[in-house]
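Subject: Structure handover

Hi,

Here is the structure I promised to pass on. Please open it first, then read my notes below.

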Amino acid sequence: MRKFRADYSVIPWATFTDPEVARVGLNETEAKERGIPYEVSVYGIDELDRAIADEAAHGRVKVLTAPGKDRILGATIAGEHAGDLIVEFVAAMRHGFGLNKILGTIHIYPTMAEANKYAAGVWKKAHAPQGLLARLEKLHAWLRG
């Protein structure tokens, strides 16, 4: 008989209020209490095309990551269909892929799930290699003459 061990660190929960709230992993309060360093990336759902079209343009996606890395420590979503949207972060945490993989995944346009991709984009923009970008800008300016 095989034995299985449950991974309780990746159990999501949702509260079906208006707006819905869903979470997996750590939130900021828990990370602070445990002394776990983290970075926060937040995407406002009010900018999402599908949310605007559905007149549900309120809420946000908040993701905690290890400093300087795309490894997800936790995610909280407040807004329409939060309980459905959290699943992508549950899969990422359970199977060890980070925000770069979420950002590189094609999401159907326009859907609420794009909010997860845009939250990953917020993280990526904050971690863009500024030195390299400055050198490329100089190179492009030189090439343009």
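Start with Glu55. At 74% relative accessibility, this residue counts as exposed, where exposed means over 50% relative accessible area, buried under 20%, and partly exposed in between (1.4 Å probe, protein chains only). Glu55 sits in the loop between helix 2 (49-53) and strand 4 (59-65). Helices (H or I, at least four residues) and strands (E, at least two) are DSSP runs, numbered from the N terminus. Glu55 is not a glycine, yet its phi is positive, about 55°.

Two points on the source. This is a predicted model, in which local features need pLDDT of at least 70 and side-chain atom pairs count only at pLDDT 80 or more, while totals for chains, interfaces and linings use all residues. Residues are numbered from 1 along each chain as its sequence is written, and side-chain values use heavy atoms, with hydrogens and water left out.

Now the other backbone features. His81 also has a positive phi, about 60°, although it is not a glycine. His81 lies in the loop between strand 5 (72-79) and helix 3 (82-85). With a relative accessible area of 39%, His81 is partly exposed. Why list these cases? Most residues other than glycine have a negative phi, and most peptide bonds are trans.

Two cis bonds turn up as well. One runs from Asp18 to Pro19, with omega near 5°. Pro19 is in the loop between strand 1 (13-15) and strand 2 (21-25). Another runs from Tyr109 to Pro110, with omega near -10°. Pro110 is in the loop between helix 5 (99-103) and helix 6 (114-126).

Next, a look inside. Ser41 belongs to strand 3 (residues 39-44). Its relative accessibility is 4%, so Ser41 counts as buried. Which residues does Ser41 touch, not counting those up to four places away in sequence? They are Val61, Lys62, Val63, Ala119, Val122 and Trp123. Contact here means heavy atoms within 4.5 Å.

Last, the surface. Leu132, Leu136, Leu139, Trp142 and Leu143 make a nonpolar patch of about 530 Å². Patch residues have over 30% relative accessible area and no salt bridge; nonpolar side chains (Val, Leu, Ile, Met, Phe, Trp, Tyr) are joined within 5 Å, like charges within 9 Å. A salt bridge is a side-chain nitrogen of Lys or Arg within 4 Å of a carboxyl oxygen of Asp or Glu. Areas come from the Shrake-Rupley method with a 1.4 Å probe; for residues, only the protein chains shown count as cover. Trp142 lies in helix 7 (residues 130-144). At 64% relative accessibility, Trp142 counts as exposed.

Best wishes
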